[in-house]
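Here is a short briefing to read alongside the model. Have a look at the structure first, and then we can go through the ligand site, the domains and a couple of backbone angles.

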Amino acid sequence: MAQKTSLSRLKLTDFRNYAHAALALDGRHVVLTGENGAGKTNLLEAVSFLSPGRGLRRAVLADVTRVGAPGGFTIFADLDGMEGEVAVGTGIEPNESETVSRKLRINGTPAKSTEEISDHLSVLWLTPAMDGLFTGPSADRRRFLDRLVLSLDHGHGRRAGDFERAMRSRNRLLSEGRFDPAWLSAIEAQMAGLGIAMAAARHEMLGLLRRLSAGSGDTPFPTPVLALEGFLDGAMDRPAADLEEEYLEMLRTSRGRDASAGRTLDGPHRSDLLVRHREKDMDAARCSTGEQKALLIGLVLAHARLTADMTGYAPILLLDEIAAHLDEGRRAALFDLVHGLGGQAFMTGTDRHMFSALADRAQFFTVAHGGITAEPSA
Ligand SMILES: Nc1ncnc2c1ncn2[C@@H]1O[C@H](COP(=O)(O)OP(=O)(O)OP(=O)(O)O)[C@@H](O)[C@H]1O
């Protein structure tokens, strides 16, 4: 079984609706209950900042600092991670512009980038905002898939950012009518290298998830069948060098078309993640709301299991309002699956009774008006 990574302490200052808050944790799962608007999701968001990127709300930092605070916010966590016990701090200083990226300190030492946290733990989440994943824009599904990839391939985010920047330069040159062949070729060569690396990493992730779900046993959650469409379809098993050549040629021959379109029409930024419900043999987008939620849970749990298998450490799971749409049997099965992963999960809900099947496997807290109170276990 995978080893556990867990938080033992979380301390917030001027974060969202919390002026000061502290949670002392003992390694069990964490259940946060309270009324709407109490600050439950904010706490999950704070934990999601212990991973690279903008957290589970994809927040703009200016929105994160508590309204009325002098400026800046901090999140401190003590955690037992993949390299042992560490103290992690992240946030922005009061005198810093809120357009800067947030800083990360590990054991007091400034990290070069927030990616360094990935050496210590991985954090995965499922929130109600993801409920429309299968019916919403393809950009949401690409972002979802990229987060899955990022948890196992830490360079993926940087490659995606570099690709985006190179593509913007190409779009600008084309829209300004500057068809300088040497300059365009250099940018396109960069895009080809990065773009094929991104597509290959996504393809590999789908392969891993496919193999995992083929071997998964009985669960009340449906099996998602995953495929990618929209860029080099069916070609990803060919050597990377050939694919780079092919993409480079696509870019070179489509300069005129892309100049008229005002954007690059071929590339990994056009891929879509297709999800089907295996048992029903139905596109996820055509499944019922409840079936879509169950598929999403199945997908996130499969990814958590994959992360645990590949790294040897179970990820921290953030499950926002997870119990609300499940009947009692499915809820209990979900808790057993989550517990079986061997990690620490943070779960929220408005009603504590929804979590009673967790019994003493979890610590319970009530959240109200920006304050947190520990409750006796169920
Ligand atoms: N920067 C901020 N400063 C102060 N308050 C904020 C800030 N950002 C968000 N809030 C407030 O935090 C409150 C709690 O939000 P949160 O999403 O955590 O609630 P919740 O307990 O998850 O509620 P629900 O059950 O409705 O999902 C909201 O009332 C929101 O307006």
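Which polar side-chain atom lies 2.7 Å from an oxygen atom of the ligand? The atom belongs to Arg 57, and the pair falls under the polar contact rule (N or O atoms within 3.5 Å; within protein, one must be able to donate a hydrogen and the other to accept it, and residues adjacent in sequence count only if both atoms are side-chain atoms). Please keep in mind that this is a predicted model, where local features need pLDDT of at least 70, side-chain atom pairs count only at pLDDT 80 or more, and totals for chains, interfaces and linings use all residues. Residues are numbered from 1 along each chain as its sequence is written, and side-chain values use heavy atoms, with hydrogens and water left out.

- Helix H1 (40-48) and helix H2 (61-64) each give two or more residues to the shell around the ligand; helices here are DSSP runs of H or I with at least four residues, strands are runs of E with at least two, and both are numbered from the N terminus.
- H1 gives the most, with three residues.
- The shell counts 17 residues (a heavy atom within 4 Å of the ligand), and Gly 37, Thr 41, Asn 42, Arg 57 and Val 67 come nearest.

**Domains**
- The protein chain is assigned domain 1 (1-130 + 306-378) and domain 2 (135-286), with bounds from an automatic or database domain assignment.
- Their centres, taken over C-alpha atoms, are 30 Å apart.
- Domain 1 brings 21 residues to the contact and domain 2 brings 14, where contact means heavy atoms within 4.5 Å.
- Between them the domains bury about 1500 Å² (accessible area lost on being put together, 1.4 Å probe, summed over both), and 67% of it is on carbon and sulfur atoms.
- Arg 58, Glu 115 and Leu 306 supply 34% of the area that domain 1 buries against domain 2, more than any other three residues.

**Backbone angles**
- Most residues other than glycine have a negative phi.
- Asn 107 has a positive phi, near 50°, and sits in the loop between strand S6 (103-106) and strand S7 (109-110).
- Asp 281 also has a positive phi, near 50°, in the loop between strand S10 (272-277) and strand S11 (282-283).

How values were computed: Buried area = accessible area lost by both parts, 1.4 Å probe.
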